[in-house]
Amino acid sequence: MPNAVVMTGYGPPEVLEWAAVPLTEPGEGQIRIKVKAAGISPTDLALRAGYLKDIPLPPNAVLGYEAAGTVDAVGPGVAGPSAGDGVTALLFGLGGYAEYAVASIWARKPDAVSWTDAAALPSSAEAAVGVLRQLNVKRGETLLLFGGGGSVGIIATQLAVARGITVISAVGEHDETLARELGATPVRYGAGVAGRVRALGAVDAVFDAAGQGVLADAIALAGGPERVITLSDPAASDFGVTLSQPTPDRAPGALDETIALLAEGRLRLRAHKSMPLRQAAEAHRQLESGNVHERIILTVE
């Protein structure tokens, strides 16, 4: 039997344990991947800690929304990929922290893209592409982006700038240089941010990739909630703001679009380091300590 990191219950990182699991067969429209690398997202941490209990999880759930590896088996109705092909996959049903994962959404991995980069891409790319589409930001408009130094914000900035959109990126001091390198105009995040943004000019739309506490300023700057979207602020409905959630139809084609840019050297990802899959609990512990300012990608030896 293959192994996976299973979640034995809600709680601290220690609830993540390395264990044998059944080998799942791919269903209609699915492929099974022999995993080479898997990304850790903030949602994984929140799920494990029990902050998102409204999202149902089976017993001994395997976390992980994104993985990269080689095709191991192909289910009915799948045309294209063959056994041995490298792919990057978005796992809406979780399952990335494992030696094998089943996926319904994937894209071929070009040889120029490393396994760790391929595993770091899916969730952030899908969110960035999806929200930009929902905001319908056009060439010549100005986008205010909260959280421009995060995984989603970095990708969204580059995609928007490439489309002729002016990006104002609200970031901490340590990400100001990065924001400029990506083509955005940085403003310091925190108290008084609305005034600093107004000094730069009018804003057409706001993308909140940071999480919470900015919606009042966002609405004021955008002239209303209609073109303000947040990825995770739980107060969204209180402000009449759209809370954008990952669904299979939010950003179809996002993986194909962004992995091609990555292979061409036209897309930059947030800095990341790798750790063995067996050490997923330690990786969660490091991320929650606040002392790690890069992503952690789990790799299968």
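With which residue does E257 form a salt bridge, the closest N and O atoms being 3.2 Å apart? The partner is R163, and the pair links distant parts of the chain, with E257 in helix α9 and R163 in the loop between α4 (151–162) and β9 (166–171), 94 residues apart. A salt bridge here is a side-chain nitrogen of Lys or Arg within 4 Å of a carboxyl oxygen of Asp or Glu.

The structure is a predicted model, in which local features need pLDDT of at least 70 and side-chain atom pairs count only at pLDDT 80 or more, while totals for chains, interfaces and linings use all residues. Residues are numbered from 1 along each chain as its sequence is written, and side-chain values use heavy atoms, with hydrogens and water left out.

**Overall form**

The secondary structure of the protein comes to ten helices and 15 strands, which are DSSP runs numbered from the N terminus (helices: H or I, at least four residues; strands: E, at least two). Along its principal axes the C-alpha trace spans about 60 × 40 × 30 Å. Of the 301 residues, 51% count as buried, where buried means under 20% relative accessible area, exposed means over 50%, and partly exposed lies in between (1.4 Å probe, protein chains only). Among contacts (heavy atoms within 4.5 Å) between residues at least 6 apart in sequence, 64% join residues at least 24 apart.

**Charged side chains**

Side chains of opposite charge can pair when their charged atoms come close.

| Pair | N to O distance |
|---|---|
| E257 and R133 | 3.9 Å |
| E257 and R163 | 3.2 Å |
| E176 and R188 | 2.7 Å |

E257 forms a salt bridge with R133 as well as with R163. The pair of E257 and R133 links helix α9 (residues 254–263) to helix α3 (residues 122–135), the two residues being 124 residues apart. E257 counts as partly exposed because its relative accessibility is 27%, and R133, at 39%, is likewise partly exposed, as is R163 at 32%.

The side chains of E176 and R188 also meet in a salt bridge, with E176 in helix α5 (residues 176–181) and R188 in strand β10 (residues 185–188), twelve residues apart. E176 counts as buried at 17% relative accessibility, whereas R188, at 36%, counts as partly exposed. Elsewhere, E14, E282 and R285 are linked in a network of salt bridges.
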